[in-house]
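Here are some questions and answers on a structure. Look at the sequence and the model first, then read on.

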Amino acid sequence: MAQHQVKFGTGLPVALTTVDKIVNWGRSNSLWVLTYGLACCGIEMMASGASRYDFDRFGTIFRASPRQAEVMVIAGTLTKKHAEFIRRLYDQMAEPKWVISMGSCANTGGMFNTYATVQGADRVIPVDLYLPGCAPRPETLQYAVMMLQKKIRREPANQNKNIPQKRFI
Amino acid sequence: MREYKPKDNVQAKAYYNDRFYVAPQLAKLDPNSDEIFGSDVSKLKANFEILEAYIQKDELVIFINYSKNVEVLKFLRDELNYSFLMEMSAVDFLAKRNGFEIFYEMLSLTKRKRIRVKTFLAKGLAIETVENLFRSANFAEREMFDMFGIQVNNHSFLKRIMMPDDWNGHPLLKTYPLQGDESAQWYEVDKIFGKEAREIIGPEIRDSARVDRYDTERFARLGHEVAKGTDISKSEPNTDNHQFQEKGGVFLVKNLNKSQKILTEQERRDR
Ligand code: SF4
């Protein structure tokens, strides 16, 4: 909303802007997050949602249903058994959607270099932001959300055009 | 997909290469050195064949025949007051002795004693379930089946408990590779996208410390974003100085003022 002009006169203030900007402004300030605590990182995610770090300030509210969420925070170790379900939940989220991969485990498999762990959640779903750390502190998740907001504001509002019909990653 | 068959016999390989290494062992004491254990063992011996009995680290260890596991555990529970089955599982001795050792850890609250019942099960044999004596054995036996492939007779619901149902192999066998066989490494890709996606997604990168610093196809470094595919091996532009918000601020959103946000030690304590 860099181009807006606000007229504080007698009547209502008037803001002039582009549709892209107003849509993205709305989107970026009401990011509803699909709770996805898979392991210890989930605790830090919950801490970010609780009163001390207070995610509601950003309009970020945790939802327990993929239908109501637009951001998925993969917080924790993604096991091979679970990979199928994360993909299913991701597919159930409505476009536009974004993914934050939180912690080393979700980024690369982390210390679990074993048969049972998916070596990076980006093998299964596309990831927008990778947060390093084991576990990342709530401030880091807040930072990631703010970076995501910035990213959303930069993108064209009608993203769907840019998404190829068949995509694996 | 071919089944994973290890060519080098990992199990037979010497674990320790030091010629003079002696694996440490705890002292094995005579069961009669403890009053309670001594009487327990004599009562057990009167009813069952006890192959071996000793005390190790204040815990009685007895070896029994695998076919008598239910009777022995029932006797221990009802007659000798070992009312808890703390845990049970198996140990893979396939290379050394072509079988598994199954152990049952039991606890008596009244005697304040622990006892470990061990039995040897040759490969291919099945063990009788103790689920009807201890409910906790239900999950433990499923885990044993999942991890070692040991069949349990008369179990009410013998199904994999940790690994997915369509998993190949039994992960706790010593021959199972830590990083998984072929089917394990491609499991999620095969299941979600199908085998034809293997080429697109590529093999797993097992070195988690490996970061391709100049990969602009897949990643954009925060604060140094460039167009996709740009060669940045020479130099990188600074796009912003890790600003939390855009320079001009965001409409109706309070601007983050970092200098205001730093709390003094006193303020932090007061919070
Ligand atoms: S990255 Fe660390 S804290 Fe997060 S889930 Fe993995 S092990 Fe736990």
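Q: How many residues of chain A are in contact with how many residues of chain B?
A: This is a predicted model, in which local features need pLDDT of at least 70 and side-chain atom pairs pLDDT 80 or more, while totals for chains, interfaces and linings use all residues. Residues are numbered from 1 along each chain, chains are lettered from A and ligands numbered from 1 as written, and side-chain values use heavy atoms, without hydrogens and water. Contact means heavy atoms within 4.5 Å. By that rule, 31 residues of chain A touch 43 residues of chain B.

Q: What area is buried between chain A and chain B?
A: Buried area is the accessible area (1.4 Å probe) that two parts lose on being put together, summed over both. Carbon and sulfur atoms give 61% of the area here, and the total is about 3300 Å².

Q: Which residue forms a salt bridge with Lys80(A)?
A: A salt bridge needs a side-chain nitrogen of Lys or Arg within 4 Å of a carboxyl oxygen of Asp or Glu. There are six salt bridges between chain A and chain B. In the one with Lys80(A), the closest N and O atoms are 3.3 Å apart, and the partner is Glu188(B).

Q: Which helix of chain A gives the most to the shell around the ligand?
A: The shell holds 13 residues, Cys40(A) and Cys105(A) being among the closest; a residue counts if one of its heavy atoms lies within 4 Å. Helices are DSSP runs (H or I, at least four residues), numbered from the N terminus. Helix 2 (40-49) and helix 4 (103-108) each give two or more residues. The most, three residues, come from helix 4.
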